[in-house]
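The sequence and the structure are shown here.

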Amino acid sequence: MTGAPTQLLIDGALVAGGGGAFDTVNPATEEAIGAAADGDAADLDRAIAAARTAFDTSDWGRDTALRVHCLRQLRDALNDEIETLREITIAEVGAPRSLTYRGQLQTPVDDLGFPAATAESYPWQVDLGVAAPMGIATARTVVREPFGVVGAITPWNFPHQVTFAKIGPALAAGNTVVLKPAPDTPWCAAEVGRIIAEKTDFPPGVVNIVTASDHRIGAQLAQDPRVDVVSFTGSTATGRSVMTAAAQTIKKVFLELGGKSAFVILDDAELSAACAAAASTVAMHAGQGCALTTRLLVPRERYGEALDAVAAAMSRVAVGDPNDPKTLCGPLISAKQRDRVQSYLDLAIAEGGTFHCGGGRPAGLDRGFFIEPTVIAGLTNQARVAREEIFGPVLVVLAHDGDADALRIANDSPYGLSATVFGSAERAARMASQLRAGTVNVNGGMWYSADVPFGGYKQSGVGREMGLAGFEEYLETKVVATAVPGAQH
């Protein structure tokens, strides 16, 4: 995967980056695999201008049939080139090949059909009938309209899933888009831009994609008054900065942020099965998922048994080359992220914890940004390692003293993105109803789906992505009140 740098997509044209090009690195080998176009502030300014012009001067926001056609065309074109996208995703993201048939690629591509179908059937106008508020006979209509220009800032961990979860509903709702992907995974976005330019009928300026080595230029989207909505997925710390910058122009902000989600095992659950589920969840894609359950809460009287069970399950996780179909835990995205995770492992020991398995680089993997799937014992929920998002294959096991205590510990977090509970149906359902989290898995249920809204409570974010709620995040509400002639009182 070498050759000429990828290109930016601005105003319908594929163009070079004003900053030249920068290397993209395979995290499994630590080798540069090619170059990406390095967009600069001037490129992003031109992209915003193109999106603004396309929204203000074209029929894109009013032509639902065209939007549905273009989204379905994009889905089909992506599927036509799915194998190229798969190899790029494995090489650039370090995503295990098996995951590209699910949430890393295939599922989000297919899910583009949902916002297209939603736009096709959506009630864009709702008649509230005639009433006489303050004695004036009036026909009332509620109209839903696009905001305008959406600035989408996406992370590196699931680049296709997050990109399509943002631009799919934004475009279906009638907005134009400027996408700023993470510097670690520019090829994934650039390839989508090429496909849009070469194989779809999206009008110029409707979709713009600016890759850049400097993640800080994304702040321009939050600050620019020509941008109406900023949709950001990433860390809670950066989310605060986005919200602060967007406040200067009072633009709408969607934030999908961090998590420190709890996996609660009740005392009547089948312990070994629950522990196996917890281990595979946190090790998947090297733990680089905001909604992964990274705190395991187990009955105190079975704490040692749970530690042994989860460590045994962790030892069965296939770690290594993401090209191997058996691999579940590939590399971390970069040396910086590997070192960050290792710093938390060092902190765990300083806080009084112990490793029940893992704790460093896997044996035999001297190249690549790998960390062993790790189980940490001996800490309380007040430890930093139990409270802060690590974004690695690291599971902290905590003891609880019954359902009420488990609920208290699970909810004692600045985050509220996701949760899991295993136990008898009635007790697990009761706990699920009290967990302060945006999604809850009960006994292995799957909440991820195109028609299901995703997002969190507390510092895990603002708003919802996917589902009808995610579609409506990109719509304004207008009321048209028309006096009925001859009927005034």
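## The pair α2 and α5

Helices α2 and α5 cross in a left-handed sense, in a model that is predicted. The fitted axes of α2, which covers residues 64-80, and α5, which covers residues 113-121, come within 9 Å and cross at roughly 165 degrees. Because angles over 145 degrees count as roughly antiparallel, α2 is described as roughly antiparallel to α5.

On the α2 side the contact is formed by Thr64, Val68, Leu71, Arg72 and Arg75, which meet Gly113, Ala116, Ala117, Ala119 and Glu120 of α5. Sorted by class, the residues of this contact comprise five nonpolar, two polar and three charged ones.

## The pair α10 and α11

For helix α10 (residues 271-283) and helix α11 (residues 303-315), the axes come within 8 Å, with a crossing angle of roughly 50 degrees. This angle makes α10 oblique to α11, and the crossing of the two helices is right-handed.

The residues of α10 that take part are Leu271, Cys275, Ala276, Ala279, Val282 and Ala283, and they meet Glu305, Ala306, Ala309, Val310, Ala313 and Met314 in α11. In the contact of α10 with α11, eleven residues are nonpolar, none is polar and one is charged.

## Glu191 in helix α7

Is Glu191 buried or exposed? The residue belongs to helix α7, which spans residues 186-199, and its relative accessibility is 13%, so Glu191 counts as buried, the cut-off being under 20%. When neighbours within four places in sequence are left aside, the contacts of Glu191 are with Glu81, Thr84, Leu85 and Ile88.

## Overall dimensions and packing

The secondary structure of the protein amounts to 16 helices and 22 strands. The radius of gyration is 24 Å, close to the 23 Å that the globule rule gives for 489 residues, and the protein is therefore as compact as a globular protein of that length. Taken along the principal axes, the box filled by the C-alpha atoms has dimensions of roughly 80 × 65 × 40 Å.

Of the 489 residues in the protein, 58% are buried. Where contacts between residues at least 6 apart in sequence are considered, 73% of them join residues that are at least 24 apart.

Methods: Residues are numbered from 1 along each chain as its sequence is written. This is a predicted model: local features need pLDDT of at least 70, side-chain atom pairs count only at pLDDT 80 or more; totals for chains, interfaces and linings use all residues. Side-chain values use heavy atoms; hydrogens and water are left out. Axes are lines fitted to C-alpha atoms, for helices over the stretch in contact, and angles run from 0 to 180 degrees between N-to-C directions. Helices (H or I, at least four residues) and strands (E, at least two) are DSSP runs, numbered from the N terminus. Angles under 35 degrees count as roughly parallel, over 145 as roughly antiparallel, 65 to 115 as roughly perpendicular and the rest as oblique. A crossing is left-handed if the near helix is turned anticlockwise from the far one by less than a right angle, and right-handed if clockwise. Contact means heavy atoms within 4.5 Å. Ala, Val, Leu, Ile, Met, Phe, Trp, Tyr, Cys and Pro count as nonpolar, Asp, Glu, Lys and Arg as charged, and the others, Gly among them, as polar. The radius of gyration is taken over C-alpha atoms; the globule rule is 2.2 Å times the number of residues to the power 0.38. Buried means under 20% relative accessible area, exposed over 50%, partly exposed in between (1.4 Å probe, protein chains only).
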